[in-house]
Amino acid sequence: MKIKINQLKPNPFKKQIAKGRLDEDQVKRIMSNMKELGLMGALPVFKKGNDYHLINGHHRTEALKRQFGKNHEVEVVVHNYSEEQVLRGMIVENLTQRANDFKEEVENLKAIKGYLKKNVAVQPLNTKRKDGQDLRPQNISEQGSIRDIISWLNKNGEVMSIGKISSLLKIEDKLDPELYDRVEKASHAGGTKEGETIGVKDATALSSIEDKEEQKDMAKALLDTREQHGNRKNKNITLYKNAPEEVKQQVRSGAIDLADIELAIVNHNLKEKKRNTVTIEDIGKKIDMTIDSLSFSISDAQKNIKDVIGDRKSVV
C-alpha cells in the first residue's frame, strides 16, 4: 500500500537515540543515491491506533520528503509487530547499516537495557517447595545485564560482537564524564586528535581503572606515550594497574613514559630485591656482633669467677 510521507510517524523508540535527531550526512548520502537508484524497497511500518509508525528507515523517509515533498506517496509494508519487534527492527538497522558512531551505538545498547529492565519478567520471589526449601537460583542477575543485552541483540544472528558490547557498556558505566565526552568527539571526528579526543580502545582500557582522577592522569599518559599501537597500549595499561605504587606515581606524573612501564617495574623489583638483601646482610652482621659480645661477656665472667676463687684460696 501507499501512504503520504506526512502521515508517517517515527518509531516510538527513536527518541531514545540521539534524542530523535537524524544524521544530516546520512540523509544527504541517501538523497544522492536516490537520484540514481530510487527508494530501493518499501518502508516497514506498523499501525498503532489510527497512526502508521516507521519501524526503521527514518533517514530514507527524511530524504524522500526533501526530495519529493511531504505529500509524496511512498510504498509501505504494514507489519503486525510486537513492541519488542519494533525496537529490534530499529536497532538492528541502526547498528548494521550505518557507519560506526560511538554515542549512537551506546544509546542503542542503553535502549535495549531499558526495555529489558522494564519488560522482562523476574522469577517470582516465593518459589519454594512444600518443605520450605527455597528453589530460587542464588545468582539471579539484574535484568538488563550485559549477558541479557547480548542474548537479546544477537538472538537471530550476530549484530554486534560480545567483546564490543561489553566494551561500550563498560565505557558508558565506568569512564569519567569528561573523558566520555572526549570519546564522543573522537567518534564524530572519525579518529583520535591528540590532546582533545580519546579512541574507543583507549577509553576501554581507561574504564578498567576505578579512580576517576587516575583515569584522567592515564588519559594524558596515553596521549603522550611514544607507543601508539593499540594492543600494546592496552597491555601497558594492564601492567600499570598491577605495578608498584611508586612506579604508578612516576607514570602519572609523566616522569616515566607508559611505553617504559615494563622496564620500570623490573628495575623497581631489582632495587627492592637488593634492598632486602642488604637488610638481611645487616641483620646477619648484627647477630654476629651480638654473639661476639656475648662471648666476650662469658669470657670475662669466667675470668672474674676464677679470680674470686683464687683470692679465697689465698686467704685460706
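Visitor: Is D217 buried, partly exposed or exposed?
Guide: D217 is partly exposed in this predicted model. Its relative accessible area is 29%.

Visitor: Which residue forms a salt bridge with D217?
Guide: R252 does. The closest N and O atoms are 2.8 Å apart.

Visitor: Which parts does that pair tie together?
Guide: R252 lies in helix α11, residues 245–253, and D217 lies in helix α9. The pair therefore ties together parts that are 35 residues apart in sequence.

Visitor: And how accessible is R252?
Guide: R252 has 25% relative accessibility, so it counts as partly exposed.

Visitor: OK, what does K216 pair with?
Guide: K216 forms a salt bridge with E178. Their closest N and O atoms are 3.8 Å apart. The cut-off for a salt bridge is 4 Å.

Visitor: Where do those two sit?
Guide: K216 is in helix α9, residues 212–224. E178 is in helix α7, residues 177–189. The pair links distant parts of the chain, 38 residues apart.

Visitor: How accessible is K216? And E178?
Guide: K216 is partly exposed, at 27%. E178 is partly exposed too, at 48% relative accessibility.

Visitor: What about K220 and D224?
Guide: Their side chains meet in a salt bridge, 2.6 Å from N to O. Both residues are in helix α9, four residues apart, so about one helical turn separates them.

Visitor: Why does that spacing matter for direction?
Guide: An α-helix has 3.6 residues a turn, so residues three or four places apart point the same way.

Visitor: Are K220 and D224 buried, partly exposed or exposed?
Guide: K220 is exposed, with a relative accessible area of 53%. The threshold is over 50%. D224 is at 45%, so it counts as partly exposed.

Visitor: Which residues of α9 are buried?
Guide: E214, Q215, M218, A219, A221, L222 and L223.

Visitor: What caps the N-terminal end of α9?
Guide: D211 does. One of its side-chain oxygens lies 3.2 Å from the backbone nitrogen of E213.

Visitor: What span should α9 have, and what does the model give?
Guide: At 1.5 Å a residue, its 13 residues should span 18 Å. The end C-alpha atoms are 19 Å apart, which agrees.

Visitor: New topic. How many salt bridges in the whole structure?
Guide: A search finds 17.

Visitor: Which residues are linked in a network?
Guide: E24, E62, K65 and R66 are linked in a network of salt bridges.

Technical notes
Residues are numbered from 1 along each chain as its sequence is written. This is a predicted model: local features need pLDDT of at least 70, side-chain atom pairs count only at pLDDT 80 or more; totals for chains, interfaces and linings use all residues. Side-chain values use heavy atoms; hydrogens and water are left out. Buried means under 20% relative accessible area, exposed over 50%, partly exposed in between (1.4 Å probe, protein chains only). The expected span of a helix is 1.5 Å times one less than its number of residues. A polar contact is a pair of N or O atoms within 3.5 Å; within protein, one must be able to donate a hydrogen and the other to accept it, and residues adjacent in sequence count only if both atoms are side-chain atoms.
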